[in-house]
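Here is a walk through one model. Confidence comes first, then the fold.

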Amino acid sequence: MFRSNNIVARIFQRQICTPAPGTSVHCARRFYENLVPSFTIYDVECPDHSFRKFTDDGQYLISFSRNNQDLIVYRPTWLSFSCKEEDCDSHDLPSKARRFESFFTQLYSVSLASCNELICKDFFLYMDSNQYGIFATSTVPSQDAPATGGAIPGFPSIEKMTFHLLRLEDGVILDEKVFHNDFVNLPHNMGVFLYDDLLAIVSLRYQTVHILQIRDSGNLVDVRAIGAYCHEDDELFLNSNAQCMAFPDKSKMHQLPQNHVQNGLHHSQPNLEESFLSGIKQRLLSFIFHRIWNEEKDRTLRVQCLKKKFYFHFQDYVDLIIWKVQFLDRHHLLIKFGSVEGVVSRNADQHPAFFAVYNMETTEIVAFYQNSAEDLYHLFEQYCDHFHSTSRNSLYMNFISSHSNNIHALEQLRSIKNKATSSSQFVKKMLGSLPFSCQSQSPSPYFDQSLFRFDEKLISATDRHRPSTDHPIKFILRRPPCSLKFKIKLGPEAGSADGRTKKISSFLFHPFLPLALSFQYTSFSQPSVVNIHFRR
Amino acid sequence: MGSLFGDWPSFDPHNFSQLQPSDPSSPSRMTPATYHPTHSRTLPPPDQVITTDAKNILLRHIYQRAEEKDLRPKRAAPEHLVPEHGCKQPRASSSSC
């Protein structure tokens with residue numbers, strides 16, 4: 001579309017040329033090749049907060065106080081000084097401009113956590129249709145919690161965990177959802193997924209997926225809890241029919257009153273637990289059974305098949321637990337199942353893991369794969385974008401580079417695939433990133449693989465801490481003339497004197513402005529140097 | 001006839017002199033060519049309704065594969081029990097199902 005790399009020529013050409021159908025956003029994004037954050041202000045004096053991220057619409061910068069009890073929200077602004085000279089470029093920035101406050105205005109500070117609670121500073125979800133933010137505070141988890149009231153052993157227990165729904169415009173807390181004596185994997189949004197206005201919270205301890213809806217009025221409404229029950233009225237139905245059921249083991253009857261631990265919603269297990277499996281476990285086992293049953297038409301062989309493939313592994317299937325969940329659309333969940341040891345030890349390679357697609361409306365399991373399944377990998381390779389399920393409202397999320405929408409990312413994936421020694425190991429490694437965590441990638445166009453080439457080990461769209469380097473990170477144009485466009489240099493201007501301590505770095509890129517913050521930490525988790533990169 | 005465009009500037013006032021303006025009282029003799037099908041094999045069924053599938057493509061593929069597995073043709077018994085050639089391996093453990 002553009003014949004020249006000069007921005008003025010491009011603007012003139014844009015006036016007369018229409019981009020090819022369906023590529024208007026891609027053509028508009030090419031202007032980011034011209035507007036780059038090439039200027040760095042080193043070692044900016046900034047408030048001692050831990051900065052979490054820019055919201056995906058670019059309106060707010062979220063940060064938490066150092067003691068993890070307050071939320072401070074800034075509005076990204078821009079420098080406002082003017083230069084009356086003829087040749088402004090050669091002038092240095094005035095010292096007033098080289099401050100954090102020139103770029104960010106503090107909007108408000110809200111205290112979220114009370115005395116013994118702390119804000120989980122790696123957790124933040126943003127709902128951009130209403131500008132609502134979701135934060136989590138919790139007490140300190142206790143590692144050796146007894147497994148009472150239907151909890152499964154092996155997980156720590158958090159005495160009180162609260163999810164706060166805030167209106168970011170003014171910092172008003174709209175609603176809260178509290179969990180007691182539970183455990184949800186909070187860091188990096190791993191145990192919570194936001195899709196549109198639906199929130200899925202995975203309670204690992206009680207093996208329940210809580211689905212909540214965020215209303216426009218700002219209320220968090222419970223929709224359903226999937227785990228021991230599938231339909232919303234299962235509990236009512238089972239309890240009302242409890243007295244009609246004949247208990248096979250009469251000696252267990254005296255234990256029933258002790259099982260009723262009042263622990264908030266859906267935490268009291270039904271007293272029928274001993275007699276049959278219910279809820280999602282039942283759906284899963286019956287799906288596996290039916291699939292093996294339907295494969296083989298001959299009756300004797302069918303039974304052989306069932307014995308070998310189902311009954312032999314029955315207890316392993318029963319012992320599977322829900323590990324992680326994501327939405328595929330409003331009605332379908334992708335659930336990762338694993339063994340307790342696999343989830344707790346975090347060393348996923350040795351332990352089996354399975355993926356199930358579950359339809360919440362019909363309460364049926366649609367598909368079930370092992371984590372080395374080639375068919376699931378083919379779907380992942382071709383339709384990766386649909387696994388990053390995004391709500392209808394946030395269009396910019398459709399343009400984050402992935403190997404399904406970008407030829408360069410696909411080539412990278414293919415090269416890893418060719419270098420892999422074992423195909424099933426490669427598939428397991430790739431599928432290990434499923435289910436995806438919500439809002440973990442930056443929508444900044446500087447991470448668009450078709451615009452820039454950069455070292456993915458040092459910087460990428462995923463917001464994780466990376467090993468830091470003293471050399472600047474180069475962003476090179478993909479298209480000819482493939483020139484170096486800008487560099488992100490960490491640390492102080494002169495380079496750090498101490499080259500031996502291991503440093504880690506993290507980056508915050510504004511979603512659409514040529515503005516980025518880089519942080520270089522020493523191992524004491526205090527930001528030693530903060531740099532601001534912007535287009536001067 | 002007078003110029004069709006009145007007093008508008010033009011290179012050659014005799015351009016368009018042969019063009020007759022369409023007169024609503026006398027219908028045009030030119031009828032567009034119409035094509036009629038010679039057979040009715042491709043007619044849609046009378047009760048056909050075309051709608052958009054609300055499911056995204058990933059879910060459509062997952063459902064399709066699930067349906068294909070259900071409709072898989074039955075295997076003849078001898079093939080399953082005894083591999084005829086050395087290269088045919090019996091199915092691996094249930095976890096690959």
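The term pLDDT is the predictor's confidence in each residue, on a scale from 0 to 100. This is a predicted model: local features need pLDDT of at least 70, side-chain atom pairs count only at pLDDT 80 or more, and totals for chains, interfaces and linings use all residues. Residues are numbered from 1 along each chain as its sequence is written, chains are lettered from A and ligands numbered from 1 in the order in which they are written, and side-chain values use heavy atoms, with hydrogens and water left out.

The model scores ipTM 0.81 and pTM 0.81.

Start with chain B. Its average pLDDT is 69, and 56% of its residues score at least 70. Residues 74-88 of chain B have pLDDT below 50; this stretch has 11 contacts beyond near neighbours in sequence, a contact being heavy atoms within 4.5 Å. Residues 92-97 of chain B also stay under 50. Where pLDDT is low, the predicted coordinates should not be read in detail.

Chain B has two helices and zero strands. Helices (H or I, at least four residues) and strands (E, at least two) are DSSP runs, numbered from the N terminus. Of the 97 residues in chain B, 7% are buried, meaning under 20% relative accessible area with a 1.4 Å probe, protein chains only.

Now turn to chain A. Here four strands form an open antiparallel sheet, ordered β11-β12-β13-β14. Two strands pair if DSSP finds at least two bridges between them. Between β11(A) and β12 (residues 198-203) of chain A, the antiparallel pairing spans four bridges. Phe193(A) sits opposite Ala200(A) of β12(A).

Key: Buried < 20%, exposed > 50% of the residue type's maximum accessible area, 1.4 Å probe, protein only.
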